[in-house]
Each structure stands twice: as C-alpha cells, then as structure tokens.
Amino acid sequence: MKKVLTATCVMLTLAATGCSVGVREQTGGGQEAGGPIKIAVVPKAIGFDFWEKVRVGAECAGSKQKDVELQWDGVSAESDVSGQQSLLQDMLAQGDVKGLVYAATDAKALSDVTKTAQGQGTTVVNMDSGTTPQPPDVPVFATNNVAAAEQGTDELARQLGGKGKVAFIEFQAGTSTNETRGQGFKNGLAKNPGLQLVAQQSSDSDYNKALQVTQDILTANPDLNGIYAANEPSVLGAAEAVRQSGKTGQVKIIGWDTSEGQIQSLRDGVITGLIAQNPFKMGYAAVNTAVAKIRGTGEQTPSTDTGATLITKENLDSPEVQKILNPSCENPPQ
C-alpha cells in the first residue's frame, strides 16, 4: 500500500501563513473502523523554528497512521491570543474536525475553547502549553519548564563563577510556558544567592522589542553580567543587543530554543548556553495520542515531559544534540 503526503505550506519565515497537511492511505477500497479522521494541529504561531520542528513531528505521526488527515494552521504571533481563539473556533465550527491538538497562547483565555471542543465530542490534546484549568482527560506533551529553567540558571551561575548581576527577558505573561520558565529561573536564583536580579522585562515574543528592552537594560546596568531569556525571539533580540554593545563574551546569555540564528550565535560565543526542547516529540506524541483516543485503541495517556537538553559549544556537535536540532521522521530524536 502506498501513502501519499500532500502539503501546502509557506516555509519558515518570520511572518508566515498556515499550512495544511493531508495523509491518506490509498487502499483501493475499505477503511479502518471509525473511518478517516481529521485532526487540526495548531501551534502558538507559524514561522518560528521551534514550531516548524513540531510540525515535522506531527506530520511524521500522521504519515504512520491509516486514514488520517492533518490540518496545520496558526497565527503569525504568539501574542495574538484573540486570533488563535478565532482560528480554533472556526476550525471547530467546520464540524468535521474530530481531534484538536494545540498549544495555548494563553492558559486561561483558551480554556473555553477546550471546553467547547469537548462539548461537541472533539478529542483535545495539548502540546507545549495547556490551559487553566487543565481538564484531567486532556494530556499535555510539554517540557518540564521549571526543571529545565533551573538547570539553565545553574549553568548561568556556573559561567559567572557563582555571582553577578543578571536580567530576565520573559515573553508572554499569562501563558503557562512563560510562567513556569520564570518560576524555574527564580528557583535557580534562590539556589544561587550570588546572582542578583537587576532587571526583568517582557519581549512580547517579538525580536525587535527584545532588542530594545535589552539595549535599555544594558544602558541602565553597564555592569550587567548575565541574561536569561525565555524563548526564541527574546534570545535573538538579547543576543543582538549584546553584540551591538560590544560585550560579546562579557555578558553571558542563557536562553531557550535552537533556531539557526541561535545556534550560530552560540558558535560565535554571543550566546553561551541554550535549553533545547524536543518539539518533534511534542508534535509526534500529541498526534499519536489524539488518534488513539479517537479510535479507542489506547489507554488514558497522562501528561508527559518530552525532555530538555542543555546545549553549549562543548556538546553542540554531538550526535544526540544534532538529532534534536535536525529531527526527521527517518532519524527521530529520542
């Protein structure tokens, strides 16, 4: 039997549109019990390296299932909470979506979408970020952000010799991911009392704003020693501000995610450590779980930590790290 993957997608850009992916089994007749199912997969935003890797994992899972169609779409900014709400509501209104796999841009605001979906019999699975409250029958496939953030803060303390002035660039107040990464960072500060938090600003998940707020922090704190940045745009903006200030290597930067620009800045010594998640695994496991729940072929799946790895120049080129950075369906990360 031959599987055909059809995709229409605007490739990775900072301002991208949606993407739909269909996976159908060409059998010449007959269908699996339950028939073909349509699953909507919605990231926080289209156009970021992290979410592109989630898409690859989701597509991989869909390609291994029989009679499954994936619809991939999203807003262009993680701060567009109302836009994501409208998109998800429109998908549910179509009436043919049997599974909804999504990352909530705002934990409280999106809880009603989950409630609506379940009320009409649509299976819901969260990836990366869940809702508040989180229904007990809706699993979340995500990084243990608190533990990983603590590990990153410990690394920042190590690089600074246990003491120094540091800044925190968060990205989107109200999201569970932002809050847990902030909590982990502050837990790390408590473990390393030699670190002094002198500034905390939000990037609103926007590169240009991250650049601006970091420039302001560097101006107000010329003796700043380190920066903890909580997502891709925040890290990239902070790195560029440090680069422009001529303080590469003097101001240590530990951040989240692993876009091409971030990896290059790590090689250049502007960024000194990155917390790598496993977005491929998030997309892969979330779609597989949604299919199993819809078809009743699996046991109740609990929320799952998909893992995190601290990357520095020393381990950047190791085979394990390279699998995470360049995931594929043929050679998936563990």
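The model is predicted, so local features are given at pLDDT of at least 70 and side-chain atom pairs at pLDDT 80 or more, while totals for chains, interfaces and linings use all residues. Residues are numbered from 1 along each chain as its sequence is written, and side-chain values use heavy atoms, with hydrogens and water left out.

**Overall build**

- The chain has 10 helices and 14 strands; these are DSSP runs numbered from the N terminus, with helices being H or I of at least four residues and strands being E of at least two.
- Of the 334 residues, 54% count as buried, where buried means under 20% relative accessible area, exposed means over 50% and partly exposed lies in between, using a 1.4 Å probe and protein chains only.
- Looking at contacts between residues at least 6 apart in sequence, 73% join residues at least 24 apart; a contact means heavy atoms within 4.5 Å.

**Aromatic rings**

- There are 5 aromatic pairs in the structure. Rings of Phe, Tyr and Trp (its six-membered ring) pair if their centres lie within 6.5 Å, and planes under 30 degrees apart count as stacked, over 60 as edge-to-face and the rest as tilted.
- Phe 50 and Trp 51 make an edge-to-face pair, at 4.8 Å centre to centre with 90° between the planes. Both Phe 50 and Trp 51 are buried.
- Phe 185 and Tyr 228 are a stacked pair, because their ring centres are 4.5 Å apart and their planes lie at 5°. This pair links distant parts of the chain, 43 residues apart: Phe 185 belongs to helix α5 (residues 176–191) and Tyr 228 to strand β10 (residues 226–229).
- Phe 185 has 0% relative accessibility, so it counts as buried. Tyr 228 is buried too, with a relative accessible area of 1%.
- Ring pairs also bring Phe 168 together with Phe 185 and Tyr 228 in a cluster.
- The charged end of Arg 181 sits over the ring of Trp 256, 3.9 Å from its centre. For this label, NZ of Lys or CZ of Arg must be within 6 Å of the ring centre and within 35 degrees of the ring normal.

**Cavities and a pocket**

- On a 1 Å grid over the protein atoms alone, a cavity is a set of points where a 1.4 Å probe fits but cannot get out; a pocket is an open set with protein on both sides within 12 Å along at least five of seven lines, and lining residues have an atom within 4 Å of a point. Grid points are joined across faces, edges and corners, and a volume is the space filled by probe spheres set on the points.
- The whole structure holds 3 cavities of 30 Å³ or more, and the largest cavity has about 110 Å³ of space.
- Among the 14 residues lining the largest cavity, Phe 50, Trp 51, Glu 78, Asn 231 and Asp 257 lie nearest its centre. Helices α1, α5 and α7 (232–244) each give two or more residues to this lining.
- The lining of the largest cavity has 5 nonpolar, 3 polar and 6 charged residues. Here Ala, Val, Leu, Ile, Met, Phe, Trp, Tyr, Cys and Pro count as nonpolar, Asp, Glu, Lys and Arg as charged, and the others, Gly among them, as polar.
- The second largest pocket contains about 210 Å³ of space. Its lining has 13 residues, and those closest to its centre are Thr 258, Glu 260, Ile 263, Leu 325 and Asn 326.
- Helix α8 gives the most to the lining of the second largest pocket, with 4 residues; by class, this lining has 4 nonpolar, 5 polar and 4 charged residues.

**Backbone details**

- Most residues other than glycine have a negative phi, and most peptide bonds are trans.
- The peptide bond from Thr 132 to Pro 133 is cis, with omega near 0°. Pro 133 is in the loop between β6 (123–127) and β7 (140–142).
- Asp 67 has a positive phi, near 55°, and is placed in the loop between α1 and β4 (68–72). With a relative accessible area of 7%, Asp 67 is buried.
- Asp 257 has a positive phi as well, near 80°, in the loop between β11 (252–256) and α8. Its relative accessible area is 8%, so Asp 257 counts as buried.
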